[in-house]
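This report describes a single protein chain in plain terms. Look at the sequence and the model first, then read on.

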Amino acid sequence: RQVSQIQVDSPSRVQQAEMQLCLGDITKIEPGGEPYDVIMISAFSADYSAVPSTVIGALKRQFNLSVRDLAREKAEDLRKNFNCWISKPLPSDLPYKRLLCFEQQVVANRERSPEKAVGEIFRAMFTVFADNMSVISPLLATGCQRASKSRIMHALVTAWHTWISIGLPMRRYTLVIYTSKLAVESLAEDDRRAVQEFQRLKHAFESRHRKPDPVPIEADLLVVCSEKDLQFLERTTRSLKANQKSLRCRKVVHSDDSSSSSSGDEAAEGSKAAAATSAIDARRSDMLGSRLVVCLLSQAFLATRACVEDFNVAMCLAHTRWHPFLPVCLERLASPPTYMSLIQWIDCRPKPTDQPGCDKLQAAIGEIGGRLEQLALGVSKQAEPALGPAAVAGGGSGYDIFISYCHRNSAAVEPFLTHLRLACPALRIFFDKQGIQTGYSWMETIYSAISGSRLIVAFLTPDYAKSAVCLEEFTIASMLHRCDRHQALLLPVCLERLGPACPPALQSVARWLDATGSREQCVKRVAVSVAKVLTAKSGDKKAAHLREQLFPDCHELSTLMSQTDKLRQSLLNAKPPLLSSASLGAFVKAAAAAAAERPLPVVDICHAALVCHPDEREPLVEAVRLQAKEFATDLQVRCLDSEQAHDDMEAMEQASVVALFLSPVFLTSARLTSLLYLALCRRRSRSAPVLLFCLNPLPRHPAFLSLLPVNASMEDVKTLAFMYNGQQKELSACLGPASRQQFYKLTHAESVFAVCCARAIVERLLGLPESLVTTPAVLVSLSELAAGAYLRDPNEPKPWKQVMEPI
């Protein structure tokens, strides 16, 4: 009997996934219905005895189906990676097509309790099952393995929701509580608690995925500006209405609030905060009721709190609902917030190089009008960000060529683009001036475009070598070029000699093409050669010879993961220092002394911002937050996990330290990936530290994920977990009373990870000296070390010491 169900949207082709909760016997399904693709059970390792009180016994009794015989003739054995095996197809008269069996090591072992381990069973399904599958299972590990039913219920439902969000193509999952009583009120106490836990999670997940009621479109355009920019607002709306007579426009003008002061009355302040929240909700509704939102950015705009809030709301809607959003920059901005500078805006700033009579604002008005016409016709919808679920799964951007260059050298690069299009008009080329759409994150677009391109052509100049963004592009391209898992190639073309001070990032290729002589002729030859290589058929010997000439150092290397494994093993052999009560006690004293000498400043939002997916906040990230506050009592820590919080960007901007807890499910959220790119942009400045903690192995697309300088990885902590065995009591004795209760919910490895993360946050925030940092070495920038070993081979000759190949 079905008692409840959960329905959520899925990024896979299933579109909508369903989880059913039923009461009864899993082996007594009514005949005639559609059979389940999989029946999922758990068992002790290599012990498939048909005990009467187990599912294995019931299958034998009801269908004469021997799990022991299925194990002998299994279709696929995944025990090496997942501790499970899959049976061959079952007889057609059974209500299940196949059986999936997980053994004891997965559902109960020394490291993890059963409720922590059963969630990992969904990992195997990605590797072996096709789209649109249906699965049925009992409450695993609750029979002879004696696990708590409510905890197993929480683990299974949460894991199902997480993997559905990532893209697991499961259409229906039926979870059956074994009982002879089909009324909830007649159930035993532990069964009733399990049903209540399911209902609680149902409310939480469905409210998160519930689509809000559509807001009727009442205006074509909503323009936000400061009252000091009214002349630009009037000119913009007047010009648009001259071309579109029926244009419906809303104008939102905010006055400068720099002179406003605090009343000091708590009741008044609370009333003011409530009024501000109500105004933001009203503005969000107005924006959703408009086809297009335009913000006129200026110094007065940045000085007006209400303008900044409206910008944040518009950007939040652009990420969560793909609502069209166009920022227009009217003048040069002094120290704009980082998140504003990451959004591609229409640039109307006057420059000395502008031609006489150049009217950038009129050109911007024309672009706004064109976007309005497209939206009215319904032919242009804001697409998902480049790092959406499809891209994470390996979709990529699908470009043939990515052109990497410094904007100061655009005059020398544009001829290459012209010759390339003349040689082959069908090539898909990413050139940032044409490939980045206004209102999108330029950094996100560029990183995803590199990962999905077949060839990256980098034009090297002294300006290129000084640009942090250009060097990041080159590093990602170098990794793609030298990794045998990818088919991307890197072609460096030197337009100007770099001199002796060549940045380390440019040392990862064996040679460059020399275009410092007859530049235009050289660039034309490169364009023609590249077109021949990319459009050649597989048997073209001339094209193959040309490819060898252009890419002589394109050779297979061991993968990044194997290099990471070698580094992990070498660090393991080094026996890093253990976490002990003595080391933690010394750290607490040092933190207290540093806080007394340099008190933390009073802030409006937070000192440290923790960014995580809502599904992963409890209990691990919450333990990190509580432990960080125990280490530094005045520390204000805030978890940013809301999909609708308009002030998350401001919290990131204000926080002295930002910590991101990365995982595959983190990358499925457009809102959270925007915070990741903002953090990476902040990391370029040493005055704004960002910590990256990895909860699960990250996907290999986009490629920059493989090069992230991760500060701590849960996989590494699990590898070292045996080194910390026997220190549980010492670690628990060092925890504060507030965090100790939270740590009871964690495994020992998770506790070690949480303490290391909290320590790293406090170390960066208080600026403690390196001598006090006793975090195990294996937790520090493992991915960065691997990338360095992977890209900079000490036996490889330095490129600038070689003679550059002339074109």
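Of the contacts in the chain with a separation of 6 or more, 75% are between residues 24 or more positions apart; a contact means heavy atoms within 4.5 Å. The model is predicted, so local features need pLDDT of at least 70 and side-chain atom pairs count only at pLDDT 80 or more, while totals for chains, interfaces and linings use all residues. Residues are numbered from 1 along each chain as its sequence is written, and side-chain values use heavy atoms, with hydrogens and water left out.

The chain has 31 helices and 24 strands. These are DSSP runs numbered from the N terminus: helices are H or I with at least four residues, strands are E with at least two. Buried residues make up 55% of the 807 residues. Here buried means under 20% relative accessible area, exposed over 50%, and partly exposed in between (1.4 Å probe, protein chains only).

**Salt bridges**

A salt bridge is a side-chain nitrogen of Lys or Arg within 4 Å of a carboxyl oxygen of Asp or Glu. The count by this rule is 24. Three of them are listed here.

| Pair | Closest N to O |
|---|---|
| Asp 220 and Arg 291 | 3.2 Å |

Glu 34 is exposed, at a relative accessible area of 53%. Asp 220 is in strand β9 and Arg 291 in strand β11, so that pair ties together parts 71 residues apart in sequence. Asp 220 is buried at 12%, whereas Arg 291 is partly exposed at 27%. Arg 235 belongs to helix α8 and Asp 359 to the loop between β13 and α13, 124 residues apart. Glu 218, Arg 250, Arg 283, Asp 286 and Asp 310 are linked in a network of salt bridges.

**Aromatic pairs**

The structure holds 12 aromatic pairs. Rings of Phe, Tyr and Trp (its six-membered ring) pair if their centres lie within 6.5 Å; planes under 30 degrees apart count as stacked, over 60 as edge-to-face and the rest as tilted. The rings of Phe 311 and Tyr 339 have centres 6.4 Å apart and planes at 45°, so this pair is tilted. Phe 311 is in helix α11 and Tyr 339 in helix α12, 28 residues apart. Both residues are buried, and together with Phe 325 they form one aromatic cluster.

Phe 416 and Phe 459 form an edge-to-face pair, 5.1 Å centre to centre with 70° between the planes. Phe 416 lies in helix α15 and Phe 459 in strand β16, so the pair ties together parts 43 residues apart in sequence. Phe 416 is buried at 0% relative accessible area, and Phe 459 is buried at 2%.

**Sheet and helices**

An open sheet of 8 strands has the order β1-β2-β8-β7-β3-β6-β5-β4, with mixed pairing. Two strands pair if DSSP finds at least two bridges between them. Strands β7 and β8 pair in the parallel sense over 6 bridges.

Helix α30 covers residues 748–766, and its 19 residues should span 27 Å at 1.5 Å a residue; the end C-alpha atoms are 27 Å apart, which agrees. The expected span is 1.5 Å times one less than the number of residues. Of the 19 residues in α30, 18 are buried.
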